[in-house]
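This report describes a protein structure for a reader who has the sequence and the three-dimensional view at hand.

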Amino acid sequence: MRAGPYHAGALLNAALVRGKLLAGATLVALLMPAQAPSAGDVIMVSGSATYRERIAMPPDAVLTVRIEDVSRADAPARLLAEVREAFGARQVPIGFALSVPRSAIDPRARYSLRATITVGGALHFTTTTHQAVLAAGAADKVKLLLVAVPTALPTTPAPAAATAPKLGFALPATFAGVLPCADCTGVAHTLTLRGDGLYRLRRTYLGKPGEPVADVGRWAADGAGRQLVLGRGEATQRFTVVDGQTLRQLDRLGQPISSAAQLELRHTAQIDGISEPLRWRGEFVYMSDAATFTDCASGLRWPVAMAGDYLAAERRYTQSRSTPGAPVVVSFDGRLEVLPAMEGPPREHMVVDRFGGAEPGANCKT
């Protein structure tokens with residue numbers, strides 16, 4: 001994630017304005033500027049973060065608050081400022097303050113305030129709505145309400161867990177490493193596997209221009225849990241499970257690659273969640289005042305949040321469907337986000353950031 005050269009100075013300025021560094025706070029600096037901006041040249045964003053659940057967090061829980069540039073739906077959000085604070089002996093609400101130089105703010109851009117609470121790298125609470133900041137008319141004092149991530153709360157193990165492949169590691173899990181590249185210095189891979197069968201593989205071509213490329217789809221394992229298969233068809237990729245900490249790349253037929261090159265991905269301590277904007281294609285259905293989306297690549301289905309570019313998707317669906325309730329294949333840039341549900345606890349939704357188009361008459365099988 002990139003950040004401008006003002007980042008460290010901005011965070012330090014925020015702490016000084018508050019009069020003291022909060023106990024247990026870690027200010028994240030990506031690049032130290034030659035000279036920090038004066039107080040009159042920055043915009044302060046402050047407030048508090050809390051959640052409704054009566055759940056106490058352990059001392060090592062960490063609140064992270066970020067200001068991000070979310071102008072581009074086809075690219076990861078760009079980080080402007082970030083503060084991380086360990087809970088220690090405190091509980092919510094917890095205050096925060098960040099500052100950004102005025103010269104770094106583009107009036108044409110969209111900036112959002114985002115917060116999470118993690119324990120040991122696992123996400124427990126997150127904001128689920130867009131909180132505009134740094135724009136004309138946007139508040140500079142904000143009360144953030146975080147929503148519990150269902151998988152982070154105590155639950156009874158699902159019966160299907162007993163029949164899951166014996167992989168040697170818990171799910172979700174993230175593996176990372178640099179694999180060989182024919183025309184660059186290497187390809188950095190970050191692979192996240194979820195328990196519902198969804199995977200996201202992000203590849204960054206080192207030494208070449210361009211943004212990282214990310215693929216999503218369904219992963220599967222053989223009965224012994226010794227081989228992973230990502231995707232299907234010509235795009236299939238295979239890895240052997242060396243142990244609970246290592247995956248090794250195989251050829252497209254699932255055979256070992258005879259090479260002295262680095263072919264391993266290693267288990268990471270923190271899970272790289274599948275939450276960034278990605279390109280999706282699947283079947284959209286709208287009926288009974290609610291919409292669902294079924295991803296063609298994974299076969300998984302999510303409710304669609306009535307946010308972002310949702311109305312464009314609904315209008316195009318209404319124009320393209322053959323009969324009420326019939327599915328229509330659509331494509332869009334969107335992301336997965338845990339949001340309040342119409343009934344029951346919060347659950348994961350699909351958020352349409354930028355609608356692409358529809359394919360009347362098509363379906364996932366074709």
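## Disulfides

Cys184 counts as buried, because its relative accessibility is 15%, under the 20% limit for a buried residue. The model discussed here is predicted. Cys184 is bonded to Cys181 in a disulfide, with 2.1 Å between the two sulfur atoms. The link of Cys181 and Cys184 is right-handed, with 125° about the S-S bond. A disulfide is a covalent bond between the sulfur atoms of two cysteines.

A search of the whole structure finds 2 disulfides. Besides the link of Cys181 and Cys184, there is one between Cys296 and Cys364, whose sulfur atoms are 2.0 Å apart. The torsion about the S-S bond of Cys296 and Cys364 is about -85°, so this disulfide is left-handed. The pair links distant parts of the chain: Cys296 lies in the loop between S19 and S20, Cys364 lies in the segment after S22, and the two are 68 residues apart. Cys296 counts as buried because its relative accessibility is 10%. When the bonded cysteines of the protein are numbered in sequence order, the pairing reads 1-2, 3-4.

## The open sheet

In what order do the 5 strands of the open sheet stand? The order is S20-S19-S18-S21-S22, and the pairing is antiparallel. Strand S20 (301–303) and S22 are the edge strands, each of which pairs on one side only. On average, neighbouring strands of this sheet are turned by 45° against each other, direction ignored.

The individual pairings can be followed across the sheet. Strand S19 (residues 290–295) is joined to S20 by 3 bridges, and the two run antiparallel. Within this region, Phe293 has Trp302 in S20 as its bridge partner. Strand S18 (residues 278–287) is joined to S21 by 7 bridges, again in the antiparallel sense. Here Trp280 has Phe332 in S21 as its bridge partner. S21 and strand S22 (residues 347–359) pair antiparallel over 11 bridges, and Val338 stands opposite Glu348 in S22.

Why is strand S21 (residues 328–339) described as largely enclosed by the rest of the structure? The reason is that 11 of the 12 residues of S21 are buried.

## The helix across the sheet

Helix H2 (residues 310–320) lies across S18, S19, S21 and S22, and runs at about 60° to S18. The buried residues of H2 are Tyr310, Ala312, Ala313, Glu314, Tyr317 and Ser320. These buried residues pack against S18, S19, S21 and S22.

Gly308 is located in the loop between S20 and H2. Is Gly308 buried or exposed? Gly308 counts as exposed because its relative accessibility is 68%, over the 50% limit for an exposed residue. Gly308 and His130 are 178 residues apart in sequence, while their C-alpha atoms are 9.4 Å apart in space.

## Two nonpolar cores

How many residues does the largest nonpolar core have? This core has 31 residues, and those with the most contacts inside it are Val65, Ile67, Leu113, Ile117, Leu134 and Leu144. The elements that give two or more residues to this core are strand S2 (42–51), strand S3 (62–69), strand S4 (78–86), strand S5 (94–101), strand S6 (111–119) and strand S9 (141–148). The largest share of this core, 5 residues, comes from S6.

With its neighbours within four places in sequence left aside, Leu144 is in contact with Ser48, Ala49, Thr50, Val65, Phe96, Leu113, Ala115, Thr127 and Gln131. A second, separate core has 25 residues, including Phe284, Ala291, Tyr317 and Met350.

## A buried threonine

Thr174 belongs to strand S10 (residues 173–179). Thr174 counts as buried because its relative accessibility is 2%. The side chains of Thr174 and Thr192 are joined by a polar contact of 3.0 Å.

Which residues are in contact with Thr174, leaving aside its neighbours within four places in sequence? They are Thr190, Leu191, Thr192, Arg266, His267, Thr268, Gln270, Ile271 and Asp272.

Conventions
Residues are numbered from 1 along each chain as its sequence is written. This is a predicted model: local features need pLDDT of at least 70, side-chain atom pairs count only at pLDDT 80 or more; totals for chains, interfaces and linings use all residues. Side-chain values use heavy atoms; hydrogens and water are left out. A nonpolar core is a set of buried Ala, Val, Leu, Ile, Met, Phe, Trp, Tyr and Cys residues joined through side-chain atoms within 4.5 Å. Buried means under 20% relative accessible area, exposed over 50%, partly exposed in between (1.4 Å probe, protein chains only). Helices (H or I, at least four residues) and strands (E, at least two) are DSSP runs, numbered from the N terminus. Contact means heavy atoms within 4.5 Å. Two strands pair if DSSP finds at least two bridges between them. A polar contact is a pair of N or O atoms within 3.5 Å; within protein, one must be able to donate a hydrogen and the other to accept it, and residues adjacent in sequence count only if both atoms are side-chain atoms. Axes are lines fitted to C-alpha atoms, for helices over the stretch in contact, and angles run from 0 to 180 degrees between N-to-C directions. A disulfide is a pair of cysteine sulfur atoms within 2.5 Å.
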